Amino acid sequence: MAQAAAVAKPPAPPRRRRTSATPRRLPYLLIAPAALLMLGFIAYPVLSVFYYSLQNYNPTKPWRNGYAGFDNFVHAFTTDPIFWDTLVFSAKWVVVEVGLQLLFGLALALIVNQTFAGRALGRAMVFSPWAVSGVLTSAIWVLLYNSQTGITRYLADMGIGSYGTSWLSDTSTVFPAAIVADLWRGVPFFAILILADLQSVSKDLYEAAEVDGASRIQQFWHITLPHLKDAIVLSTLLRAVWEFNNVDLLYTLTGGGPAGETTTLPLYIANTSVDAHNFGYASALTTVAFVILLFCSMVYLRLSKFGGQDK
């Protein structure tokens, strides 16, 4: 009986091997050095700006250095008229630039999306200015606006305007001149992103719309624009942030002049820190600019319902 019971007893289940947690952690361990390095390069400067924004820090006047609290912020909002002038001009610059770049970029994307002879060459010519750096772009347009050898010289030869006219030194023409120079480089950015999204629009939608009798304008309004919504929202947000922080082109093209007419807030920050060595106040202005950009970006994404479905 004992032998029969022993035979009828089911075999014990196989013992599970304990899996080591090392293979699961290995990917994180491999990317940890790069992540820590990036965190150091990003977190340290940001935290340093927040720290110095609460300090009076000027290497040329060490006897005035020390904790300032919120004095730098109070000075910016109450007693510094240049701060408000540069903030207003920055908003004007961003709205005009981004609006015009979006308009022309959308038009160019719709054109090069069509089938025509030499389309590849046309696309290359449209997108090529985006590959040019901001400093080189401003150098090109400085030569074009030169009063002796530039556009104004040829216009004067045709009887339009007078010799020796410099659009970059005249307060009535410097803003349009700077707008055109930055448009030349910024429009391809919108054209590239919008064209990439246009490639994914199904042609069946347009064929069905034509069968229903929809015109080209109706197809654009009810098919193309809704499909491009997220691309337009993202591209305008990115470009607005870049244009707000635009320093290289304006610094090389106009230097913020004439008479401070083209001084943006980031350019004012650069002059305050590099030229005046007032790093404490410049850090406070940088913090204010960061908060403004963060708040405007959140509101813009919220109002545009980015990534959501329109009802």
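**Close-up views of helix packing and aromatic pairs**

The whole structure, a predicted model, contains 18 aromatic pairs, meaning rings of Phe, Tyr and Trp (its six-membered ring) with centres within 6.5 Å. Local features need pLDDT of at least 70, side-chain atom pairs count only at pLDDT 80 or more, and totals for chains, interfaces and linings use all residues. Residues are numbered from 1 along each chain as its sequence is written, and side-chain values use heavy atoms, without hydrogens and water.

View 1. F83 and W84 form an edge-to-face pair, 5.2 Å centre to centre with 70° between the planes; planes over 60 degrees apart count as edge-to-face, under 30 as stacked and the rest as tilted. F83 is buried at a relative accessible area of 0%, whereas W84 is partly exposed at 39%. Buried means under 20% relative accessible area, exposed over 50% and partly exposed in between (1.4 Å probe, protein chains only). The rings of F89 and W93 are tilted, with centres 6.2 Å apart and planes at 35°. These two residues lie four apart in helix α4, about one helical turn. F89 is buried at 9%, and W93 is buried at 0%.

**View 2. Packing of helix α4 (residues 81–112) against α12.** Helices are DSSP runs (H or I, at least four residues), numbered from the N terminus. The angle between α4 and α12 is about 140°, and their axes are 8 Å apart. Axes are lines fitted to C-alpha atoms over the stretch in contact, and angles run from 0 to 180 degrees between N-to-C directions. The two helices are therefore oblique; under 35 degrees counts as roughly parallel, over 145 as roughly antiparallel, 65 to 115 as roughly perpendicular and the rest as oblique. I82, F83, T86, L87 and S90 in α4 meet L265, P266 and Y268 in α12, where contact means heavy atoms within 4.5 Å.

**View 3. Packing of helix α12 (residues 265–275) against helix α13 (residues 279–304).** Here the angle is about 165°, with the axes 8 Å apart, so α12 and α13 are roughly antiparallel. On the α12 side, L265, Y268, I269, T272 and S273 take part; on the α13 side, F279, Y281, A282, L285, T286 and A289. F279 also belongs to a cluster of ring pairs with Y51, Y52 and Y57.

View 4. R239 is buried, with a relative accessible area of 4%. Leaving out residues up to four places away in sequence, R239 touches V98, Q101, W130, D182, G186, F189 and F190.
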